[in-house]
Protein chains: 4
Amino acid sequence: MTVSSRPADLSAVSPPRQGLLQRLAAVRAHSLALAAPLSAEDQCVQSMPDASPTKWHLAHTSWFFEAVVLQPLWPGYAAFDARFFYLFNSYYEALGPRHPRPQRGLLTRPSVEQVLAYRRHVDAAIERFAVEADVQAWAAAAPLLELGLQHEQQHQELLLTDMLHALSCNPLLPAYTPAEGAPLRLVREQPEPLRWLRRPEAIVEVGHDGTGFAFDNEGPRHRRLLPAYEIADRLVNCGDYLRFVQDGGYRRAGLWLSDGWAQVQAQGWQAPAYWLAPGDPRAPSDDWQVFGLAGVQPLDPAEPVMQLSFYEAAAYAEWAGARLPTEFEWEAAHAAAGLRDMAGKVWQWTRSSYEPYPGFKPLAGAVGEYNGKFMVGQIVLRGASLATPAGHARPSYRNFFPPHARWQFSGLRLARDPQACTTASQETAE
Amino acid sequence: MTVSSRPADLSAVSPPRQGLLQRLAAVRAHSLALAAPLSAEDQCVQSMPDASPTKWHLAHTSWFFEAVVLQPLWPGYAAFDARFFYLFNSYYEALGPRHPRPQRGLLTRPSVEQVLAYRRHVDAAIERFAVEADVQAWAAAAPLLELGLQHEQQHQELLLTDMLHALSCNPLLPAYTPAEGAPLRLVREQPEPLRWLRRPEAIVEVGHDGTGFAFDNEGPRHRRLLPAYEIADRLVNCGDYLRFVQDGGYRRAGLWLSDGWAQVQAQGWQAPAYWLAPGDPRAPSDDWQVFGLAGVQPLDPAEPVMQLSFYEAAAYAEWAGARLPTEFEWEAAHAAAGLRDMAGKVWQWTRSSYEPYPGFKPLAGAVGEYNGKFMVGQIVLRGASLATPAGHARPSYRNFFPPHARWQFSGLRLARDPQACTTASQETAE
Amino acid sequence: MTVSSRPADLSAVSPPRQGLLQRLAAVRAHSLALAAPLSAEDQCVQSMPDASPTKWHLAHTSWFFEAVVLQPLWPGYAAFDARFFYLFNSYYEALGPRHPRPQRGLLTRPSVEQVLAYRRHVDAAIERFAVEADVQAWAAAAPLLELGLQHEQQHQELLLTDMLHALSCNPLLPAYTPAEGAPLRLVREQPEPLRWLRRPEAIVEVGHDGTGFAFDNEGPRHRRLLPAYEIADRLVNCGDYLRFVQDGGYRRAGLWLSDGWAQVQAQGWQAPAYWLAPGDPRAPSDDWQVFGLAGVQPLDPAEPVMQLSFYEAAAYAEWAGARLPTEFEWEAAHAAAGLRDMAGKVWQWTRSSYEPYPGFKPLAGAVGEYNGKFMVGQIVLRGASLATPAGHARPSYRNFFPPHARWQFSGLRLARDPQACTTASQETAE
Amino acid sequence: MTVSSRPADLSAVSPPRQGLLQRLAAVRAHSLALAAPLSAEDQCVQSMPDASPTKWHLAHTSWFFEAVVLQPLWPGYAAFDARFFYLFNSYYEALGPRHPRPQRGLLTRPSVEQVLAYRRHVDAAIERFAVEADVQAWAAAAPLLELGLQHEQQHQELLLTDMLHALSCNPLLPAYTPAEGAPLRLVREQPEPLRWLRRPEAIVEVGHDGTGFAFDNEGPRHRRLLPAYEIADRLVNCGDYLRFVQDGGYRRAGLWLSDGWAQVQAQGWQAPAYWLAPGDPRAPSDDWQVFGLAGVQPLDPAEPVMQLSFYEAAAYAEWAGARLPTEFEWEAAHAAAGLRDMAGKVWQWTRSSYEPYPGFKPLAGAVGEYNGKFMVGQIVLRGASLATPAGHARPSYRNFFPPHARWQFSGLRLARDPQACTTASQETAE
Ligand SMILES: [Fe+3]
Ligand SMILES: [Fe+3]
Ligand SMILES: [Fe+3]
Ligand SMILES: [Fe+3]
């Protein structure tokens, strides 16, 4: 097979095709950049069934293009290695059997080098396809290539959260990057007081409006009747959350949902997943510290609290005399004046289970498994985190995880029912 | 302690108090009637952590009155046995430690007789309390006594479903009652064609209107904007479901939610929990049979399918080209002309996760744990089943179970998004 | 089938047959006597997969006669209920499929009454068989009837240990019998000093000598070369063991075998299974107490320690600067002058894995599964306990349990390698 | 710390010290040679809790010298990294807490390079110690250095078996080395008929005689009385075992020990762990194949069967009308004329549980945990395998694994009780 060795001549490709190829190239390169600070050993490890190795992410995102676009739509396509269809399928039943998820970390072969060659093979094939595809084939392929691009961006965030989890299991608590470089670290700020913004009862439009790309789960756009509510102008920060911890938050059953309390007891939770209590033998200190991409750092009271499960977010809200916003409240308020950090710091747990919107239809074909089949047992998170690739998220974006998940960049913003005594100065209007 | 030996003189009790006592007596007697066909052995067994022994239900429903009403509100109350506060607390963290749920079946002592004596003790104490309580004490107690009554009715249904599960684990498949008596058995009918009723877009009121008793989770009553939808006039019956089974329903991943498919594979599901395939060695037959309270019976195509998990209900709906109604669609349609069997045959899985209504506030005190803390990871069922005590349920009633639960009298009714070609004759108006 | 209703005329039966029938009748009656203090609820419960319900023991010991003797050797035999062959087979692969062991406690039916009727049916059938069997049939049956009798005696002890385990799981800690009656309780004695008996190097005969009944695992009798050793004249008692506990025995890894220490940590062991530490909420006291057949009693320092696992016995011996005897040392010493309590109080863990003797051959037929297939992963115990039926055990008797088992009447006697300074007065000769 | 950078001047070191250093250097170099064909990814993976990563083996064998010799006996020793005492302690309770065994595969850091630097640091320190240690210190250290050398040899075999297990979990079934090189592969031979060698009853000496190194578990040397027996002159080979498989060996409960049959059913065993049945999708073929260090190869009937559990070995022996030899029979026969392959191909399961010899005393100090604490629940294997380093094993060597372990180079040799009809030509005399 010669596809990968012969660079495609892109000069004759139409501007729309070129545009997509350029965006693809940028996204594909970003995946490699994220993996760059990691050794081959780091890239191979799987720290729990829910997390995947870096190398697997790099391969799976290539498999997606191969299995969803190249293989079905380009008769001339020759696979890099036919066995990879088995190894790197994640959960697509329609695309055949697959390597068991909990055993992804056992794949020391193919090596990182072979995976990188696989990526180059797929990249080259997409370029050749863009040159050779007739109008009809391209029309079928373009939305799937776009989906593959968005898919790869999702895995870029997972690559970081999964790697961070693996590093957190190492008693040496190594940093993803040395502290000097400190990419993906939030800037140290002053804690700010929390203000409530009141939102009046309204019928609001929810869901993606059709401009640009969106996942199928963001539609159809539809109307919701929202009662009045109040939403906090900022995220809950580590200083807030430390007060909850120090007030016995993890020992008071009454603050927790029943399933959450069961987790607290069964897992021995005493603080967020990556917090180190004073005296932790892994990194001696008299103060609380937080492990993150930059390694162990002093707890910063102004930094948003992260790596929370939904259970912890809900217990905190209960302790604070508030609640979590529904995903509809969040979306309706997203552009309100005065709201800070709606995206770019942490994903924000909502009080909404992940359910289909009225009239929801999954995509046709195998990619119909992308979102719809997960619509039970999951909680919606809104916003975006420091690990979300630039330009990936939207106000209508519906991220989701099970309520016990605590290895994501997931925090919270409070909401509450309208308070009689709220002063007018806290009112807000869009 | 002499409370139980001296009958209270109820002649001087006010009519409202008498009324409540009479309703209480009737409910309490019904619990005993449900246990009557069961041996002491039957009443002691626990077939899985999620199910409880009959005897435990009988004791726990008494404990509820003791721990929630008598102990806190009647200074003179002497407990039947102080250790029962530990043994028969279910999940109320505020009311102290408790016997582990998975070990309820190990309580061969106290015996059934002692539990019956415990019940009589509590019954007598309530009567005495009704005689002796001053106005203030009664005002505090009355709503809790009412709650205890409703609570006992809920456990009456669980007593049956839990017992049926235990009997289903016995290879002899014994009947709860001999087939002749056949109480709680649905009448054999002709299968009827399914008709769709169209409901237009509307803003509807949802939740209990405040008339009579309701659980806290049924309120506050509030408005919802519902898009147009269609709902089936009848339940899915065994004949319908058998076609799904015979069409490979349990072997086609594409029909299932991801968690549901994982269950199908891990548990080897091939049909509803209590169905016996032709040739089952426990009850030889050439045809499908169904195990129930009356023992093993031939599959009746007209009978509603039951003992389904949410996953199975959702997979069936997918197979049928439809979906489940949301709990709001169900409630909004409940009184529509032409809808049959909205209550009294099976609980109906909805496509709604169990979440707090806007402005939801749990009850004050320990009974605040009754509903609110379970509002994650559960799916709402609406209606009522053949095992629900008469007069217990309401259109606003929100039953809930985790999506894998399949030992309840739980079935389904289909809904779907509006079809362009629906004829006018299928329209309905309330 | 009329077998059970017509008493057999035993007057014409030969004396040997009569003798066996009488012994059978006595053993069968003893099983009923052991069950007599128990309610139907008690008799149905199964507290762990390794333990069986009383009712199951009563039925299974009847099944043994049915499946091993009556069914194969008496063409005219009519089973009481053909389904019982499935329900009450324990582990005999050659005798067909069986009800899963961990689900024995779910068999609320057949009821105790039905099981008792089953027993009477089998008893009557054996009598009829004794009347009708020709010489050949009886010759084949007699050793199997004897085996069934011995088998039932083994289950008599298990009935007590399994029931005691179930009662120990009940926070009420009920007594098997009220403390007054106190059967099966050891007499309170004065603790006595421990003396060592020296045994010289010798070639000894090990195994059953062929006189009277023995299980297949007790043979063939063969010679062993035993180095010199010393053995304690008495059992380790609760006073001894309390010192081990109070000396941190359960917190010092160095005293334990690796698997034992893993158990200590995983299970949180801090004392023998049925000991209650001072302050235990189930039975308030300032002192240590011990739960047993007579309920909770003050710890008696002179009483042999029981309900120990092999791991605990071995750790104690290590702490005491000694070791456990091998089963061969135990057997060789059993008749030595001065050794007390070799049988009748507790089974004594040895330092011998349960392995076949040289030349071991299991019994022919299905009963070949009786012992041989368990000869891995088990440790031999010697002696007999307070719960062993009179006349059941022998010096060559090999009881066996896995090393973690701690619900039997299992204790220990120390041994050690010869000490240079042992005085002559401690020498012993048989 | 400069130890590692400055080579020690060994010219002044005494010949005995030099001799030990040379042997150490050779063993240490062999570990590196074994790891050489493996990528960093390969060296990091842990495929099950019982197996360890290559990198961990390389580090742990260095830790052993550090924790057992350098740290306690050389006051001037500076650790390479103090945290490694925690990371690379295996199971020595006396040497402090340690990284949990099932999480060894999560240690992507330290990297392979750092581990190699750690090895060089320790190597250099040992050399410096040999130069600087006074007579007393060296006298204390020398036996521990020898133990460390033997310890490293043991881990060399584990490095291979653990790595092979990890590779076997990869659907690509990669070879440890390309098939051309084929080291550690047995030469293809003709199957030979099996002959029985008769051994008469005798009192034999068992255990190490004190010449040269031996582990504590090989002593004290003592006498055993062995009845007459017969032992096979060759190992069971793949051709033999294939007949067992094809005769339904894995489907016939009657051939198996009870625990073994439970494993067969629970794990779905149908053949040895690394056998591929005809049609296996991982390596299509019409014939049976075997996975090993050289990758997938056609089943060679003459090659000894390996990667068997004790359960499988015992079931095969039962099927063959024979049994396994005891470890004493094996040792007594080891030098008999005519016995082939007693060492160097596969470890041979015996019918002996791993127990202390009479008078056994563990080594003093932390290394007392080396063997003694594992003397329960394990079965002895005798001989040595193709993966055992040259010169490591001895006839008195006692290898041990739990009976379900099937990832070692473990096979079997048959034994049996004397047969009446054995012809004189099969007699053997030492
Ligand atoms: Fe993906
Ligand atoms: Fe309740
Ligand atoms: Fe038995
Ligand atoms: Fe080691």
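Predicted model: local features only at pLDDT ≥ 70, side-chain atom pairs only at ≥ 80, totals over all residues.
Which side chain of chain A meets the side chain of R109(D) in a salt bridge? The legends below begin with the surroundings of this pair.

View 1. Residues are numbered from 1 along each chain as its sequence is written, chains are lettered from A and ligands numbered from 1 in the order in which they are written, and side-chain values use heavy atoms, with hydrogens and water left out. In this interface 29 residues of chain A are in contact with 29 residues of chain D, contact meaning heavy atoms within 4.5 Å. The area buried between the two chains is about 2,300 Å², and carbon and sulfur atoms give 59% of it; buried area is the accessible area (1.4 Å probe) that two parts lose on being put together, summed over both. On the side of chain A, the residues that lose the most area to chain D are E41(A), R109(A) and L172(A), together 33% of what that side buries.

**View 2. Salt bridges between chain A and chain D.** The rule finds four salt bridges across this interface, a salt bridge being a side-chain nitrogen of Lys or Arg within 4 Å of a carboxyl oxygen of Asp or Glu. In one of them, the side chain of D42(A) meets that of R109(D), at 2.8 Å from N to O. In another salt bridge, at 2.4 Å from N to O, the partners are E41(A) and K55(D). E41(A) lies in helix α2 of chain A and K55(D) in helix α3 (residues 54-73) of chain D, so this pair joins two chains; helices (H or I, at least four residues) are DSSP runs, numbered from the N terminus. Both E41(A) and K55(D) are buried, that is, under 20% relative accessible area (1.4 Å probe, protein chains only).

**View 3. Salt bridges between chain B and chain C.** D42(B) forms a salt bridge with R109(C), and their closest N and O atoms are 2.8 Å apart. The pair crosses from helix α2 (residues 40-44) of chain B to the loop between α4 (84-87) and α5 (112-132) of chain C, and both D42(B) and R109(C) are buried. The side chains of E41(C) and K55(B) also meet in a salt bridge, at 2.4 Å from N to O. E41(C) counts as buried because its relative accessibility is 2%, and K55(B) counts as buried because its relative accessibility is 6%.

Key:
Buried < 20%, exposed > 50% of the residue type's maximum accessible area, 1.4 Å probe, protein only.
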